[in-house]
Amino acid sequence: MASSKKKLEGLVAATITPMTENGEINFSVIGQYVDYLVEEQGVKSIFVNGTTGEGLSLSISERRQVAEEWVTKGRNKLDQVVIHVGALSLKESQELAKHAAEIGADGIAVIAPFFLKPWNKDVLINFLKEVAAAAPALPFYYYHIPALTGIKIRAEELLDGIQDKIPTFQGLKFSDTDLLDFGQCVDQNQQRQFAFLFGVDEQLLSALVMGATGAVGSTYNYLGKKANQMLEAFEQKDFSSALNYQFCIQRFINFVVKLGFGVSQTKAIMTLVSGIPMGPPRLPLQKASREFTDNAEAKLKSLDFLPFTGLKDRNLEACS
């Protein structure tokens, strides 16, 4: 991996944890997964053991093993491997942070503990500070996802003075639709070289306009090529093309959201698009239905995200 001093930017795939049919982790396909991301999707940074990776459904031992495998298989291929080390237990989170440093990860991220919750900014920062201190040489990122944690502390508020308490703080993964909060994070920290990584894939273009430096998301596993085209168009100030790419991505996400879209369905789509078996999710999640997979496949083909089997499949919906 590249030096941890390099800024985390561009597309970051929130990796899936491949599993066998009986729910064990399928480590054997992770090397192939790395090659697929780099060669087929143009995505060279990853976020491991997050929501998409079912990190909180894995044991601490499993999370360590998954992190090790991604770091090992990504060496000299990936730019950055960031490990999510958040846990309900401070001790477990510290253990995972220390382990990430030992195996050569490029950064760590932490979600707010969400059972016994921090009730204000200072309490949350104290928790994050203790985790970051377990890996003092690694860049530290806060993973802001209030819809899942129930923690309503605004990211704008949290960032105010955070580097004074956590010197290794480098930015945040902002997985929320509150663009006012996100915009103020950027606006109030323009003098700092923070990474502002947006986590709502279907709204990425809006976040880029507001100053996002990159994005972490599940769809970049299989729509990374299209999202990279959007980033390139935006950088070239070809806003019409950038908008077309965003709308194209939205057409697919809007379609699957109406069918019921989550980690289980992401695993099914990734298997379909990449040909790499992701397996079922771990309980309490349920495997995506065959009906969902068939419908998603038809939509992917109609948008030119999958090869056509014949001209009869093509319609006017395909994205340029």
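Where is D304 found? D304 lies in the segment after α13. Helices (H or I, at least four residues) and strands (E, at least two) are DSSP runs, numbered from the N terminus. The phi of D304 is near 70 degrees, a positive value in a residue other than glycine. With 32% relative accessibility, D304 counts as partly exposed, where buried means under 20% relative accessible area, exposed over 50%, and partly exposed in between (1.4 Å probe, protein chains only).

The structure is a predicted model, in which local features need pLDDT of at least 70 and side-chain atom pairs count only at pLDDT 80 or more, while totals for chains, interfaces and linings use all residues. Residues are numbered from 1 along each chain as its sequence is written, and side-chain values use heavy atoms, with hydrogens and water left out.

Eight strands close into a barrel in the order β1-β2-β3-β4-β5-β6-β7-β8, with parallel pairing. From one strand to the next, the twist averages 25 degrees. Axes are lines fitted to C-alpha atoms, for helices over the stretch in contact, and angles run from 0 to 180 degrees between N-to-C directions. Two strands pair if DSSP finds at least two bridges between them. Strand β7 (residues 195-198) is joined in the parallel sense to strand β8 (residues 214-217) over two bridges, and L197 stands opposite G214 in β8. On the sheet, α4 packs against β4 and β5 (140-144), touching both, and its direction makes about 140 degrees with that of β5. Helix α8 (residues 179-187) also packs on the sheet, where it touches β5, β6 (169-174) and β7; the direction of α8 makes about 160 degrees with that of β7.

Strand β3 is mostly covered, as five of its five residues are buried. In a regular strand the side chains alternate between the two faces of the sheet. In β3, Q80, V82 and H84 point one way and V81 and I83 the other way, and all are buried. Strand β2 (residues 45-48) pairs with β3 in the parallel sense over four bridges, and I46 stands opposite V81 in β3. A crossover is right-handed if, with the strands pointing away from the viewer, the path from the first strand over the helix to the second runs clockwise. On the β4 side, three bridges join β3 to β4, and the two strands run parallel. The bridge partner of V82 in β4 is G107. A right-handed β-α-β unit is made by β3, α3 and β4.

Helix α3 comprises 14 residues (residues 90-103), which at 1.5 Å a residue should span 20 Å; the end C-alpha atoms of α3 are 20 Å apart, in agreement with this value. The expected span of a helix is 1.5 Å times one less than its number of residues. At the start of α3, a side-chain oxygen of S89 comes to within 3.3 Å of the backbone nitrogen of K91. The buried residues of α3 are S93, Q94, L96, A97, H99, A100 and I103. An α-helix has 3.6 residues a turn, so residues three or four places apart point the same way. The cover over the buried residues of α3 includes α2 (60-74), β3 (80-84), β4 (107-111) and α4 (121-133). Just after α3, G104 takes a positive phi of about 90 degrees.

N189 is in the loop between α8 and β7 and counts as buried, at 5% relative accessibility. Neighbours within four places in sequence aside, N189 is in contact (heavy atoms within 4.5 Å) with L159, Q184, F194 and F196. K237 is placed in the loop between α10 (224-235) and α11. The phi of K237 is positive, about 60 degrees, although K237 is not a glycine. K237 is exposed, with a relative accessible area of 63%. P284 is in the loop between α12 (263-274) and α13 (290-302), and the peptide bond from L283 to P284 is cis, with omega near 15 degrees.

Helix α11 (residues 239-259) contains K258. K258 counts as exposed at 66% relative accessibility. K258 and D35 are 223 residues apart in sequence and 31 Å apart in space, C-alpha to C-alpha.

Terms used. Polar contact = N/O pair within 3.5 Å; in protein donor to acceptor, adjacent residues only side chain to side chain.
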